[in-house]
Amino acid sequence: MEENLISINNLSFGYGKDLLHKDINMQFNRGKVSAIMGGSGCGKTTILRLIGGQLNPNSGNVTVDGKVVHEQGREGLRNIRRKMGMLFQHGALFTDLSVYENVAFPMREHTDLPENVIKDLVLLKLNAVGLRGAHKKMPAELSGGMARRVALARAISLDPDIIMYDEPFAGLDPISMAVICDLIRSLNDALGATSIIVTHDVAETFSFADYIYFLADGGVAAEGSPKQLLASKLPFVKQFIHSEKDGPVPFHAEAPEYQSDLSL
Amino acid sequence: MNNILNFLEKLGASARSSLSGLGSCTRLFFLTIIYSSDSFKRFNLTIKEIYFTGVLSLVIIIVSAFFVGMVLGLQGYYTLEKYGSSEAIGVLVALALVRELGPVVTALLYAGRAGTAITAEIGLMKTTEQLSAMEMMAVSPIARIVAPRFWAGMISMPILATIFSMVGILGGYFIAVLIIGVDDGAFWSQMQANVDFHNDIVDGAIKSIVFGFTCTLIALYQGLVAPPTAEGVSRATTKTVVISSLSVLGLDFVLTSFMFV
Amino acid sequence: MEKVKLDIWVGIFVALGIIAMFYLATRVGNLTSNDVKKTYEVKAYFENIGGLKPRAAVKASGVVVGRIGSIIFDPEAFHAVVKINIDDRYAFPTDTFANIYTAGLLGEQYLSLEAGGDDVDLKAGDLIVHTQDAVVLEKLISQFLYNSAGDDDDKDKD
């Protein structure tokens, strides 16, 4: 059994002429929680889409459990995706279905389980995220944090091997943030899954992640365990971790000379 | 000179984008057909959509049909009376409705009511990443979201058009016979003698099926390609109405020249 | 939206559609009154068919008994060949007259069959010998002018 469940090999990808990712390599080990961090627009979420097969690389490949993702046919892709659960940034719950129906959705689509078994499983998943009592509500009635927890319950509906999180902490209050943090870690360990988190939240991520990748300028700028990165001397890493206003990522966007721009 | 070149450039670009839109739409149609098995195996999905596109359009269709029928009766009567043929009012109302107004007006109203609803709903699902989420759960959005709505539209439109024609004729009857006083027997007998089931009614039904296909496909396509912003979705709904209406009117001309000439 | 309520409404909707279709077919259209199903074909020659068109009515005593099939021009005999489909239920003798009349003042032209007295009936493929062409307005006017010119001549002679 390969130690790397997901492997990104020499991947290049871009929309149009400019490449977003240039020849990058990343490995995600089984059973570990990995994080992908970087500034806005550096292509973090795109990596998740490449892993899930929603986008095809320009060159290089992504392998999941040994299989190259973009070479799979319809059936192969379906099998890969059935092992994945994804939590989208704002939950992406189906607004016309109730909380119960949302969590039951993957079960109904992919299994032939009878209704009473589905009911038990759904309530089990909702209990894991602490929302068993809310199963009759509609997504419109939930707060942001609650919606995201329901989406998490839906993502783990079929006990996936891979769980991906797209900016799970964005816009949450401190309590909800702590809840999600705890859930990501505990679910990963309980399910024996491999989790990948895309985020730019330093404090939370560093508290529970096993391995962290930093993306910048289309490549991996730095990688390592939280302890290694905290001790890193790389200026980019230091700027990010210590939230410095200016450094390798400049404050000023590219502009002509100041004096010539003003009408003085 | 520059202005003319610019204008030509824009014209060429818009022609090219229209053609590529037509191509993408065709591709969507074939994909929908390929993924349609779920719409029938799990007919509940389609039934739900028939409710939203068909049943909820009933009120506007019936009310409009009644008024259109009444106007036809009124205008037709005063024109026919000049030639002493006021008893042909039944024929006029029936043929105008069954051949043209039934399918066309229903299609325009349908595009405005159900078409925009479909576009807005799908556009919103795209914006909130619901379609993406479905894809990642290995469920094809085409099979689950697009195809049921397509078949619901194909079923609803002919039904709505037929109801429109019936209510319109009743509206014409109401004005001509009950209000103005045209002879009841003449109204119906002239109509029955001159409206042919195969040529007029069935052809009208065929038209409404073609229009249903067109309007629903356009609505679905615009929803799927809408830019995932609030402005994008709102512009997509406008485009649905405009493109659907123009297509219906254009197709009506083509179909009429095939069928009735 | 409960499933049962949904189903009921959709059922009502579809039922309404079927009712509307039935209504149009029976009350508005000619489906019940005009079942010209099985027909046999006879033909007739005309010098001038006027405004007679295919699918025009063929009437006897004012009742529709058939439809015009096809109308073609015979380039050797220089007349129109009209194929007539008569309902199987009705038989006409071989000396039937086929006349082209106009319905109403400005109406459509139709074929009227007036039965003769022969014992033998028309069979499929037979020819109706006695025909009367459509009335052409110009010929009528020129006839009228010719006649009135003739009257004047007679008056002059007196």
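Trainee: Which domains does the domain assignment give for chain A?
Mentor: Bear in mind that this is a predicted model. The assignment gives domain 1 (4-83 + 161-261) and domain 2 (98-159) of chain A.
Trainee: What separates the centres of domain 1 and domain 2 of chain A?
Mentor: Taken over C-alpha atoms, the centres of domain 1 of chain A and domain 2 of chain A are 27 Å apart.
Trainee: And how many residues does the contact take from domain 1 and domain 2 of chain A?
Mentor: Domain 1 of chain A puts in eleven residues, and domain 2 of chain A puts in eleven residues.
Trainee: Which helix gives the most to the domain 1 side?
Mentor: That is α6 (residues 174-191) of chain A, with five residues. By class, the domain 1 side that touches domain 2 of chain A has seven nonpolar, two polar and two charged residues.
Trainee: Switching to chains. How many residues of chain A are in contact with chain B?
Mentor: 14 residues of chain A, against ten residues of chain B.
Trainee: Which elements of chain A give two or more residues there?
Mentor: α2 (74-82), β6 (84-87) and α3 (99-110) of chain A. The chain A side that touches chain B divides into six nonpolar, four polar and four charged residues.
Trainee: What about chain C, how many of its residues are in contact with chain B?
Mentor: 19 residues of chain C, in contact with 24 residues of chain B. The chain C side of that contact has 13 nonpolar, four polar and two charged residues.

Note on methods: Residues are numbered from 1 along each chain as its sequence is written. Chains are lettered from A and ligands numbered from 1 in the order in which they are written. This is a predicted model: local features need pLDDT of at least 70, side-chain atom pairs count only at pLDDT 80 or more; totals for chains, interfaces and linings use all residues. Two residues are in contact if their C-beta atoms, placed from the backbone, lie within 7 Å. Ala, Val, Leu, Ile, Met, Phe, Trp, Tyr, Cys and Pro count as nonpolar, Asp, Glu, Lys and Arg as charged, and the others, Gly among them, as polar. Helices (H or I, at least four residues) and strands (E, at least two) are DSSP runs, numbered from the N terminus. Domain bounds come from an automatic or database domain assignment.
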